[in-house]
Amino acid sequence: HDGTLSGVGSTSGVVGKAMDFTGNSDYAELGEIGEFNFLHDGTSHAVSFWLYRDGGQASSEPAVIGTQGASSSYVGTDLWFDTSNNLYYYTANGGSSSTSSAIAIPDQTWTHVIYTGDGTDVMIYVNGVLTDTVSSVVTSSSNSSYKLTLGKNPRNGADADVKIDELYIFKGKAITDAEALSIYNAGLAGN
């Protein structure tokens, strides 16, 4: 998919160039959410990317990637930081929600993140190692007018001060432990 960039810069990444989100109203939209419903409707999927956190996040719940800014009154999925700079996976269907535990992401260091769902559970890998499993994940559909967004929480507008490199989104495929480690090692090797 091609995306629409709004104020997003470019910087050196793990492999070539990375998207640079400064936390100042810059974001990327990757298309209508109807194309990405598989990220939270129970379909097997995976999202893989390198993440570089540029210091403290200035606002509440700045999303790295999100489909709507999920909260108990909305539907969709987000991967966002709390005010202590821990990364959370969050999904909601308008009434129920599922949340991962806090995953510490180091400051000013490239970190590889994969979140992958098998239709029931979501597994989160950091640097090729399984760090959390969210069981019995809530599934939902989204308003088709929403966009898949990087660098900004679509619900509350909170901007993330991060760099993102090598973003891959897989539909119909959950990533295994061995594949997560292989993808991480390939990035370290510059592939």
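Leaving aside its neighbours within four places in sequence, which residues is Ser48 in contact with? They are His112, Val113, Ile114, Glu166, Leu167, Tyr168, Phe170 and Ile183, where contact means heavy atoms within 4.5 Å. This is a predicted model, in which local features need pLDDT of at least 70, side-chain atom pairs count only at pLDDT 80 or more, and totals for chains, interfaces and linings use all residues. Residues are numbered from 1 along each chain as its sequence is written, and side-chain values use heavy atoms, with hydrogens and water left out.

Ser48 lies in strand S5; strands (E, at least two residues) and helices (H or I, at least four) are DSSP runs numbered from the N terminus. With a relative accessible area of 3%, Ser48 is buried, the term for under 20% with a 1.4 Å probe and protein chains only. Its side chain makes a polar contact with the side chain of His112, at 3.0 Å.

Strand S5 (45-53) also takes part in the packing of helix H1: the buried residues of H1 pack against S5, strand S11 (110-117) and strand S12 (122-126). In H1, those buried are Ala180, Tyr184 and Gly187. They cover an arc of only 60° around the axis, which puts them on the same side of H1; the arc is that of the directions from the helix axis to the C-beta atoms. Just after H1, Gly190 has a positive phi of about 85°.

Technical notes:
Buried < 20%, exposed > 50% of the residue type's maximum accessible area, 1.4 Å probe, protein only. Polar contact = N/O pair within 3.5 Å; in protein donor to acceptor, adjacent residues only side chain to side chain.
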